[in-house]
Amino acid sequence: MQDLDELYQSVVERKENPKPGSYTDYLFTKGLDKILKKVGEESTEVIVAAKNPDKSELRYETADLLYHLMVLLVEQGVSFDEIKEELGSRVGLMSKTKDRPEIKDLWSERSFSMRENLKNLCAY
C-alpha cells in the first residue's frame, strides 16, 4: 500500500530524475496546461464514478485524481507538507459556519480578481 507522502515523493523523484517514456515524464514535459487538463478530467471522472453503485470505480478514479494532483503540486513547487499544514490550520473551523463568509460573497471577490487578471492577460 502506498500512502500520499510516498506518492508525492515518487513524483518529486520522477521530476528530478526523469525516466524517458514514463507517463510522469510525459506530463512534466508537456507542462502545466496538460497537467491542468488531466486534473480537470480526473475530477470529472471522480464525480461520475461517485454516482455509480459500484465503488471500485470511485476508488480507481480517486487514485488517478490524487496522482494528478501530486503532479500538479510538484510542477507548481507546492509541497505536500504545505497542504497538510493548510488542512491542519482548518481543524475545528469547518463546523463554525456562522463565522464563515457566504459562498456568494467569496465568489464575488474571486470573480473580480479573476476578471482583473483576465483583463491584464488580454492586454498583452
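Q: Is Asp5 buried, partly exposed or exposed?
A: This is a predicted model, in which local features need pLDDT of at least 70 and side-chain atom pairs count only at pLDDT 80 or more, whereas totals for chains, interfaces and linings use all residues. Residues are numbered from 1 along each chain as its sequence is written, and side-chain values use heavy atoms, with hydrogens and water left out. Buried means under 20% relative accessible area and exposed means over 50%, with partly exposed in between (1.4 Å probe, protein chains only). Because the relative accessibility of Asp5 is 33%, this residue counts as partly exposed.

Q: How many helices are there in the protein?
A: Helices (H or I, at least four residues) and strands (E, at least two) are DSSP runs, numbered from the N terminus. Along the sequence the pattern reads α-α-α-α-α-α. The protein has zero strands, and its helices number six.

Q: Which residue meets the side chain of Asp5 in a salt bridge?
A: A salt bridge is a side-chain nitrogen of Lys or Arg within 4 Å of a carboxyl oxygen of Asp or Glu. For Asp5, the N to O distance is 2.8 Å, and the partner is Lys84. The pair links distant parts of the chain, 79 residues apart, with Asp5 in helix α1 and, in helix α5 (residues 80-89), Lys84.

Q: Which residues are linked with Asp5 in a network of salt bridges?
A: Lys84 also forms a salt bridge with Asp81, the closest N and O atoms being 3.2 Å apart. Asp81 and Lys84 are separated by about one helical turn because they stand three residues apart in helix α5. Both are partly exposed, Asp81 with a relative accessible area of 44% and Lys84 with 35%. The residues linked with Asp5 in this network are Asp81 and Lys84.

Q: Which residue forms a salt bridge with Lys15?
A: Side chains of opposite charge can pair when their charged atoms come close. In the pair formed by Lys15, N and O are 2.9 Å apart, and the partner is Glu75. Lys15 lies in helix α1 and its partner in helix α4, so the pair ties together parts that are 60 residues apart in sequence. Lys15 is partly exposed at 35% relative accessibility, as is, at 22%, Glu75.

Q: How many salt bridges does a search of the whole structure find?
A: The pairs described above include Asp5 with Lys84 and Lys15 with Glu75. Over the whole structure, the number found is six.

Q: How far from Asp25 is the nearest side chain of opposite charge?
A: Asp25 is found in helix α2. Leaving aside neighbours within four places in sequence, Asp25 is in contact (heavy atoms within 4.5 Å) with Pro18, Lys19 and Pro20. For charge, Lys and Arg count as positive and Asp and Glu as negative, while His and the chain ends are not counted. Asp25 is buried yet has no salt bridge, and the distance to the nearest side chain of opposite charge, that of Arg14, is 8.3 Å.

Q: How far apart in space are Leu65 and Glu42, C-alpha to C-alpha?
A: Leu65 lies in helix α4 and, at 15% relative accessibility, counts as buried. Its contacts, apart from neighbours within four places in sequence, are Val39, Glu42, Ser43 and Val46. Leu65 and Glu42 are 23 residues apart in sequence, and their C-alpha separation is 5.1 Å.

Q: Which residues make the nonpolar surface patch of about 190 Å²?
A: Patches are made of residues with over 30% relative accessible area and no salt bridge, like charges being joined within 9 Å and nonpolar side chains (Val, Leu, Ile, Met, Phe, Trp, Tyr) within 5 Å. One of the residues, Leu69, is found in helix α4 and is partly exposed, with a relative accessible area of 31%. The patch is made by Leu4, Leu66 and Leu69.

Note on methods:
Accessible areas come from the Shrake-Rupley method with a 1.4 Å probe; for residues, only the protein chains shown count as cover.
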